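Consider the model below, starting from its overall makeup and working towards single residues.

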Amino acid sequence: MATRPPAVPDEKRPPARSPARLATLDALRLIAALAVAAYHLTASWRIDGRNMPEYFLPSLTHVTIYGFLGVELFFLISGFVIGMSSWNRSLGDFFTSRVSRLYPAYWVCIVITTVVVTLAPISGGVPVSGTPGLREIAANLTMLQEPLGVGSIDTVYWTLFVELRFYLLFAALAAFGLTYRRVVLFCAVWMTVAAIAPMLGSRAVEVLAIPEYAPYFIAGLAAFLIHRFGRSPLLFGITGFAWLVSVERVIGRVGDVNPGFHVPVWPGVVIITLAYAALLVIALGWTDRVRWRWLTTAGALTYPFYLLHQRIGYTFVRHAYEATGLPAWVLVLSAIVLVLGLSWLVYRFVEKPLAARIRAGLRRSLAELRAASAADALGAKLPRQVREGDLMRSGRDRREN
């Protein structure tokens, strides 16, 4: 295993090379996505529209009920990945990478979900039903339906607005340039504001600070710094503090779950602790040798899978149950396999080519913006007579053409 550079102030730190894609992060993504899907398809709805989840899967639901905590794992991973993918890149590069990563698959999945729930609608025992109208579709395509006051076509989309707020905060930092010291200071300030935000009574502060989920993003950023620059008591302290706040948050999250049976809190605390531990194992480089290509592919599928699994999974399981009466676990497993296959098609034939085109277009547009800005700056420095002469020649050329 390669040795880490010593812990020194960021201005004196030698530039570290950009880390390669970490297959174990993709493995964590896959675990998080499957956990959330298992929760939704077994414990968060009524398969036949009447009976509680425990009726069909009396033992399994007591385990999968904790699958919603896969969202917290996603946020941990997001903090790590955003730090890793944004280092030594400009704000324009950050914007380009996020837009091309998030929107192509999202747009396609909205279309697919809308078609499925329109052609094969279900109701009763589901968190969201009905056919989305043009207003809902238009608002959802922006990914800003929540601030626009419009319902999401699929309730899993709520996490995307959380991610967008994190990107907004991190973009503000990236505009000044990312350094070790600045990211550490960013984590400290954000954690402080997030911790006291509920006491301030300000809706704006709560929206921007994301107090319920900020610890996960912050811990992910600290873990990335450990991976890039080496072990540091300061970074371990940030991660440990974030974990303590997360434990308090997860106790409340588990306590709010009401599936019709008692849900102990302690397994949720254990799961979150294991998630933090897994990220630290990756940050310390103990899994750097893992290079399984299938994990990279699986990691790429988790985003469309997450976007598609809930309403399409509900639709498939409900109609398949009514048509066949097969055991619930068979239908749930079949739905997961079906959506994984559909996710691969979205990734392979839509997301990859569309994302590449969007990325190229945005880079070209940003290059043109920089060139125009440079030309404006240069023109402002020229003598007034020269600028006026250029304007007159430009007007004459337009008339002649």
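This is a predicted model: local features need pLDDT of at least 70, side-chain atom pairs count only at pLDDT 80 or more; totals for chains, interfaces and linings use all residues.

Residues are numbered from 1 along each chain as its sequence is written, and side-chain values use heavy atoms, with hydrogens and water left out.

Of its 401 residues, 48% are buried. Buried here means under 20% relative accessible area, exposed means over 50%, and partly exposed is in between, with a 1.4 Å probe and protein chains only. The accessible surface comes to about 19,900 Å², and carbon and sulfur atoms account for 65% of that; areas come from the Shrake-Rupley method with a 1.4 Å probe, and for residues only the protein chains shown count as cover. Taking contacts (heavy atoms within 4.5 Å) between residues at least 6 apart in sequence, 77% join residues at least 24 apart.

In soluble globular proteins, nonpolar side chains tend to be buried together. A nonpolar core is defined as a set of buried Ala, Val, Leu, Ile, Met, Phe, Trp, Tyr and Cys residues joined through side-chain atoms within 4.5 Å. The largest one in this chain holds 113 residues, and those with the most contacts inside it are L25, F80, Y106, F166, F170, W190 and L225. Helix α11 (residues 214-229) gives the most to this core, contributing twelve residues. Leaving aside residues up to four places away in sequence, F170 touches I82, G83, S86, F94, L178, F186 and L221.

Helix α11 also contains H227, which is buried because its relative accessible area is 6%. The C-alpha atoms of H227 and A283 are 4.3 Å apart, although 56 residues separate the two along the chain.

Where charged side chains pair, a salt bridge is counted if a side-chain nitrogen of Lys or Arg is within 4 Å of a carboxyl oxygen of Asp or Glu. The count is five. One of them joins R29 and D26 at 2.6 Å, N to O; both residues lie in helix α1 (residues 23-42), three residues apart, about one turn of the helix, and both are buried. Another links D48 to R50, with the closest N and O atoms 3.5 Å apart. D48 counts as buried at 8% relative accessibility, whereas R50 counts as exposed at 59%.

R253 and E72 also form a salt bridge, with closest N and O atoms 2.8 Å apart. Because R253 lies in helix α12 (residues 233-255) and E72 in helix α4, this pair ties together parts that are 181 residues apart in sequence. R253 is buried at 17% relative accessible area, and E72 is buried at 1%.

Two loop residues other than glycine have positive phi. N88, with phi near 60 degrees, is in the loop between α4 (70-86) and α5 and is exposed, with a relative accessible area of 58%. M143 has phi of about 70 degrees and lies between α6 (134-142) and α7 (145-148); at 2% relative accessibility, M143 counts as buried.

Note on methods
Helices (H or I, at least four residues) and strands (E, at least two) are DSSP runs, numbered from the N terminus.
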